[in-house]
Amino acid sequence: MFQWLKTGAAALGIVAATAFGAAAEDWKPAGPVKLMIAFAAGGGADTQARLIAEELEATLGWSFIPEQVTGKGGLNLAAAMKSEANDGTVIGMAVTETLGYNMAASNSGMTPADFTPITTTAGFQMGVVARSDKGWNTMSDVVAAAKSGQDIRFGVMSPRLADLAYLLGKAQGVDFNIISVKGGKAVMNGVNAGDMDIGFMAGIQAKGVAAGDLVNLASALKAPLVQTPDAPTFADMGVEFSADGYFMFMGPAGMPDDARAALANAIKGVVENPETKAGGLIKKAFGGASVIMGGDLDAMVASDYASAGDLLKAASE
Amino acid sequence: MTPNKFTAGIFLVFAIVVLGVWIPNDVETGLLEKMRRHWVIGDSLAPTLAAGFVLIGAVLILLFETQDEAQFTMVSAQFVFFLKLVIVILVALSVMRHLGPILVNTYVAISGLDLEYRLLRDMIGIKHIGFLIGGVIMVGGMITVVEGRLSRRALIIGLIWSLVLILVYDLPFEDLLLPPNGDV
Amino acid sequence: MSVLDYIWLGILAVFQGPEAFSIFGLAISITVVMVISGFFLGILVGATPGLAGPVAMAISLPILISTFGYNTDALLPVLGFLIGVMKGATVGGAVPAILFNTPGTPDAFMTTLDGYPMAKRGEAKRALRIAHFSSVSGDTFSDLVLIIGAPFLAIMVERYLDLPEKTALLILSLSFISAVVGGSVGRGLISTGLGLLAVYVGTGEDFYPRLSMGTQTLAQGFPIATSVLGVLIIGAVFKELDELRSDQRASRMKPITTSDTNSALTLAERVKLAPTIFRSAVIGTVVGALPGIGSTLAATLGYTAAKRRHDDTEGGKFGEGAPKGIAATEAANSAVSGANLMPVLSLGIPGNAAAVFLLLAMDSISGFNPSPTVFKFDPVNLNPELVMAFGIFTTMFLANALNWTVGGRVMRTMRFMIRIPKHILLPSVLLLTLTAIYVQETRIEALYFAVGFGVLGYLMRVFGISPLPFVIAFILGAKLEETARQAYAATGNDPWFLFTHPVAAVFVAVSVGVMILTSRKRGSV
């Protein structure tokens, strides 16, 4: 009897799994898909989202309507998306930070449970970057300069990064002048124009570093940077937090599994293929796609949200 | 009260309300905020200065400007005319926004088919109906308000102009959306 | 990479860009086509009573962006088109002013003073020729100054302006505009304050979108298109309809017929106008180069300067159909547009509505960020932004060439535009404006915002408050707050950063000085 139940359950499981797979393959949006983009039009991230949509339109025949919903680190997008239809006809691209630190730090009343994460596309190559004519090769040179009395202006593009910059200074016993700007492009412009000495850049620096105009001084990730593997990580510099994060597609809560899986697989097919325009762009800026979906993504989003409090607490001390 | 004093008075009251009620209740951070062990500029500072400018401007007019530059006579005809225009526009906008979805929902109720305007907003005709009728109401209605009578000419101009705009903005461009197709 | 290489690359970028079509094997680049079409559209719009260049720029921007995309390739065709519109509208604007006594733009108001009397005298075509000749001369002069001056200005900016100084410069621009353009200091301050307040809704550092009353509708703030177009265009539509109501004569007033036979301008006549044109062109250029001040002021100054030096015994009295009156106004207001791009390209600070839309286009399309780095002559690595800058200059000269050759003739054929009744034109413009806004913002709230700002713009006009300070404040407001925050952080949280840096302190002192001087002067009148 017991054995029979087990076999039955397993069989049911198989059936369910096949049904799920088949359904995901068969799924197509019931109408045009509204694609909300949390990034300023014309920037790298916006281009990425639009190119992915373009490719899906060409290969699958789905129709996308891109729309900018910018501001507040993706929270404006989240708030606008929350009450939209959850049948896969409304999706958006933001960053994992939106459902993590930003949602935890704000009192917007939203939680990650109000959303369905679909898939990530690429991980940030978050480095601390300076202009190479500053003469610094690594973060320790900057710290040395700061200790000798030079004011160091540190450009950041989100509150979470401001916390990290502050903690980096604290760990190294220096006090950076932290300048917040809007978007990675603004950090790069500020560093190039000399308004800032160093700044966080999440992949936008790749071209400048390759040309020798910019230099990656440190990796703000747990792992070394792809482009500059020798630069020390934040852990090496005594900071227990990192700026790891991903570009992420998401939808409103309660999206059916077949829709979620079909969207995720479709996006994965584009970003992992460097022959496509979107895939090529991701390869150039981020060294390749990082696709996390399904249960793994759920777990990551949940843990990011839960651990945001630790960073907030550390940075307020 | 001279028009000048009236103008200044309105903006004086507005500025005081903004400074005293709106900013304190609707901005999370104060003029300065303690963050990461430093004082930083809070979100209230900039709007406070802005409302301050309005306040100073109003006070300057009240105190120093004797010459009247405001050009209104405060006759009710001016106000009524303006109100008519605004009402026509608002009616036209709500027709633009809701006509398409209402028509589809009505059709669903009659036919029992499972349809939604949202999923049909790619279809020529259906996606244009709200804009077209709303546009006719806006242009035709405003012409009517000025002319003082409803003429066939006003409606035809509205119709032609709405069609021209659909031809210019919508048909050649897949990515451009006319009202209300970005909202649904 | 020498300077000449950069210039040459810029010219090539315009003429050898992506091809639109080819005639007899000669490829015509898409940028050239766009400049030409923009120019003709500009003349048409300028010649329409009640319309002006910025309207056409605003309405075509979303179409341009969705046709050409956000990539760097889109930059020259889009900016070329907008520059064409800007220049076409500048000459076109004289048509309704002269023939109909209705300035299409506030800048052309002074043109009516002598243009309309000349037209009534039966010299309409001649007046149009004078307007065209003066306008093109002033415009070309200003463009030359821009090309020579912009790189030097950029060097100065880079060398002397750090974040505190930039903050002070923004304050200076705003105080200039509220003091000079606003009608009176008090009214200017109100207009500026309202513009700042509007742009601060929904923005800010904190995660809560400030002043949004807890609503989703206000959380993203007011889109720039809704406030700028609402106050400028929709407000003007309301005001003009209101004038139609109170002044029914206007709609029945017959436009002047243009049948003067001998309308040609001889060389001698042109030479006689030259000093007036030159004086006005210099005035316009200087005014244009100051951040934040627009062409209306230039036209007024140019006209007044010419009037003061004018000898009434020759060529008729000013205000009664003096050719020099037209020349002085048109040369001055046209000379603003070129020099105006100096603060736009090196600082991102616009001085008039046309510059606002050029700046918006640069913001939307990647590959060109107005800043001093644009003008860095890098001898080793190619500076693509500098090439783009010279590409933009090339499109300006292309438009000027069109203007010198066919502009006058086209302008004189636009006389028919003044026959469209205003009460039909204005509602159509309203629907067009709202459509353009929706296409950009894709939510109906944006249209309600725009109508709301239109009501505000109407009320401001009724109260005698100029809407231009509002618009400039709205555009500079976010930048002002951000720069101030950054300057404060960069100076290690020095609350007195505006006063401890000498250049910044001078700017702040001048700002306050301008305010006090203008209010005194007005008080004594």
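1. How many residues does the contact take from chain B and from chain A? Chain B gives seven residues and chain A gives eleven residues, where contact requires C-beta atoms, placed from the backbone, within 7 Å of each other. On the side of chain B that touches chain A there are two nonpolar, one polar and four charged residues. In this classification Ala, Val, Leu, Ile, Met, Phe, Trp, Tyr, Cys and Pro are nonpolar, Asp, Glu, Lys and Arg are charged, and the others, Gly among them, are polar.

2. The model is predicted: local features need pLDDT of at least 70 and side-chain atom pairs count only at pLDDT 80 or more, while totals for chains, interfaces and linings use all residues. Residues are numbered from 1 along each chain as its sequence is written, and chains are lettered from A and ligands numbered from 1 in the order in which they are written.

3. The contact of chain B with chain C takes 57 residues from chain B and 55 residues from chain C. The elements α1 (3-26), β2 (38-41), α2 (45-64), α3 (76-111), α4 (129-147) and α5 (152-170) of chain B each supply at least two residues of the side that touches chain C. Here helices (H or I, at least four residues) and strands (E, at least two) are DSSP runs, numbered from the N terminus. The largest share of that side, twelve residues, belongs to α2(B). Its composition by class is 40 nonpolar, eight polar and nine charged residues.

4. Chain A contains an open sheet of five strands in the order β7-β6-β8-β5-β9, with mixed pairing; two strands pair if DSSP finds at least two bridges between them. At the edges stand β7 (177-180) and β9 (214-219) of chain A, each of which pairs on one side only. On average, neighbouring strands are turned by 30 degrees against each other, direction ignored. Axes are lines fitted to C-alpha atoms, for helices over the stretch in contact, and angles run from 0 to 180 degrees between N-to-C directions.

5. Within this sheet, β6 (residues 153-156) of chain A runs parallel to β7(A), joined by four bridges, and A:Val156 has A:Ser180 as its bridge partner in β7(A). Two bridges join β6(A) to β8(A), again in parallel, with A:Phe154 opposite A:Ile198. The pairing of β5(A) with β8(A) is antiparallel over four bridges, and A:Ala130 has A:Ile198 as its bridge partner.

6. From β8(A), A:Ile198 and A:Phe200 point one way and A:Gly199 and A:Met201 the other way, and all are buried. A residue is buried if 20 or more other C-beta atoms, placed from the backbone, lie within 10 Å of its own, exposed if 12 or fewer, and partly exposed in between. In a regular strand the side chains alternate between the two faces of the sheet. Helix α7 (residues 184-193) of chain A lies across β5 (127-131), β6 and β8 (198-201) of chain A, at about 155 degrees to β8(A).

7. Helix α4 (residues 96-105) of chain A is mostly covered, with ten of its ten residues buried; among them are A:Glu97, A:Tyr101 and A:Asn102. The buried residues of α4(A) pack against α3 (75-82), β3 (90-95), β4 (115-123), α6 (159-172), β10 (246-252) and α11 (294-315) of chain A.

8. In chain C, helices α2 (residues 30-47) and α4 (residues 75-92) pack at an angle of about 30 degrees, with axes 6 Å apart. The angle therefore makes α2(C) roughly parallel to α4(C), the class for angles under 35 degrees; over 145 is roughly antiparallel, 65 to 115 roughly perpendicular and the rest oblique. By class, their contact has 20 nonpolar, ten polar and one charged residues.

9. C:Tyr70 is placed in the loop between α3 (53-68) and α4 of chain C, and counts as buried because it has 21 C-beta neighbours inside 10 Å. The C-alpha atoms of C:Tyr70 and C:Ile365 are separated by 4.5 Å, although the residues are 295 apart along the chain. Leaving aside residues up to four places away in sequence, the contacts of C:Tyr70 include A:Ala41, A:Gly42 and A:Thr47.

10. Most residues other than glycine have a negative phi, and most peptide bonds are trans. The peptide bond from B:Pro179 to B:Pro180 is cis, with omega near 0 degrees; B:Pro180 is in the segment after α5 of chain B. C:Thr442, not a glycine, has a positive phi of about 45 degrees and, with 23 C-beta neighbours inside 10 Å, counts as buried.

How values were computed
Two residues are in contact if their C-beta atoms, placed from the backbone, lie within 7 Å.
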